[in-house]
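The following briefing is meant to be read alongside the sequence and the coordinates.

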Amino acid sequence: MRTLARARCTLGAHPSALDTALAAAVLVCMVAGSFVDPHGPEGVSWGLRTPDALSLALMAVGAAALVFRRRAPMAVLAVTGGVSVVESVTGDPRAPVVMAAVVALYTVAASTDRPTTWRVGLLTMTVLTGAAMLAGPLPWYAQENLAVFAWTGIGASAGDAVRSRRAFVQAIRDRAEKAERTREEEARRRVAEERLRIARDLHDVVAHHIALVNVQAGVAAHVMDKRPDQAKEALAHVRTASRSALDELRATVGLLRQSGDPEAPTEPAPGLDRLDELVATFRHAGLHVEVARTDQGTDLPTAVDLAAYRIIQEALTNVQKHAGTRARAEVSVVRVGPDIEITVLDDGAGGSTAETAAPPGGGHGLLGMRERVAAVRGTLTTGPRYGGGFRVHAILPVKCRTDAATDATEDPV
């Protein structure tokens, strides 16, 4: 069994050797079939009849042509069909030269499309059968003539079936490869989205707390000699802000841990319920912030709640960095129908409008806010205010699309 499988693999790797072996096998079958006498006194019988030289030559030519059946299937079919016609007209008794034409017709059907198979198959069947019936030495209704018609039809049908199976298997392979590529692309897309989300979180956390540390450190350095108590208070705020930054960084980086790793973060993501705590950190840094809220009782999805919190955090951080602590900021959180509107304004008292609108060195604050808003399918408007200052306005949906679809399913009315 192993020897047979090894030989099959070897022949499959060398198509020319396989075609040569097939041609030799067909030649042996044709020569062996030429010794059969179909018109014996008791029907078909085995005899020692020796085929004539022309039949042997025709069988050799037909078998030799099969060696090139993969390279030129149509030409091989024409050659084998021609020798079959000659044998049908001259052979008496007839040798099975038509076997080579059947193999050639099978090759054409297996290597071309169905319309070509129909046209070539019908033409081959008509020519071979017509020549045997009309010009052969046997009566037109002889069994050998009907056998020519049947075997050519079987060859064409078998080749078409093999071609269809190959196409079906190839289609399955193509779909499997496409599905694999799609899975890989989806995995890469999800990885890129996760990296972008983590980068936004890191930017928001670092920018906010480092800005607070910078301001409080500056205050401490300024009043260290004259007012040491105020300097100690500023350093205490620096310590608190740095500790908060480390905690949030630990929670964010902890998301990169594997599921079985210890010390996975369990603290929920920040939201508007921590807005007062967030505003207090800016007030401690010297920024005057006023808050107005009319969203009490609104239950926001986690993604929307986090986006609202981060937008306010980034907007106030930009006010502190580019407008200074002398600026006055206003934060409003308003529920308007199916949306919640976040607005952060400043009067630009500590810096020019140009500085507020285009922070030195670029940065990714506004870009991160736009990405967060787009992720929850909201809208964001930013720009300088008339008379100075800057405005950040975000409209976020109270319900995500999946939540809305669930509600519609549960309550179709």
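## Briefing

Val 79 is found in helix 4, which spans residues 73–90. The model is a predicted one, and the points below are grouped by topic.

**Surroundings of Val 79**
- Val 79 counts as partly exposed because its relative accessible area is 36%, a value that falls between the cut-offs of under 20% for buried and over 50% for exposed.
- Leaving aside residues up to four places away in sequence, Val 79 touches Val 61 and Ala 65.
- Between the C-alpha atoms of Val 79 and Ala 104, which are 25 residues apart along the chain, the separation is 9.3 Å.

**The chain overall**
- The chain contains 13 helices and 7 strands, and 36% of its 413 residues count as buried.
- Of the contacts between residues at least 6 apart in sequence, 68% join residues at least 24 apart.
- The accessible surface of the chain is about 24000 Å², with 61% belonging to carbon and sulfur atoms.

**The sheet and its helices**
- An open sheet is formed by 5 strands in the order 3-4-5-7-6, with mixed pairing; its edge strands, strand 3 (288–293) and strand 6 (379–384), each pair on one side only.
- Neighbouring strands of this sheet are turned by 10 degrees against each other on average, with direction ignored.
- Strand 3 and strand 4 (residues 328–336) run parallel and are joined by 6 bridges, and Glu 290 stands opposite Glu 330 in strand 4.
- Helix 9 (residues 275–284) lies across strand 3 and strand 4 and runs at about 165 degrees to strand 3, while helix 12 (residues 365–375) lies across strand 6 and strand 7 (390–397), at about 155 degrees to strand 6.

Terms used. Residues are numbered from 1 along each chain as its sequence is written. This is a predicted model: local features need pLDDT of at least 70, side-chain atom pairs count only at pLDDT 80 or more; totals for chains, interfaces and linings use all residues. Side-chain values use heavy atoms; hydrogens and water are left out. Helices (H or I, at least four residues) and strands (E, at least two) are DSSP runs, numbered from the N terminus. Buried means under 20% relative accessible area, exposed over 50%, partly exposed in between (1.4 Å probe, protein chains only). Contact means heavy atoms within 4.5 Å. Accessible areas come from the Shrake-Rupley method with a 1.4 Å probe; for residues, only the protein chains shown count as cover. Two strands pair if DSSP finds at least two bridges between them. Axes are lines fitted to C-alpha atoms, for helices over the stretch in contact, and angles run from 0 to 180 degrees between N-to-C directions.
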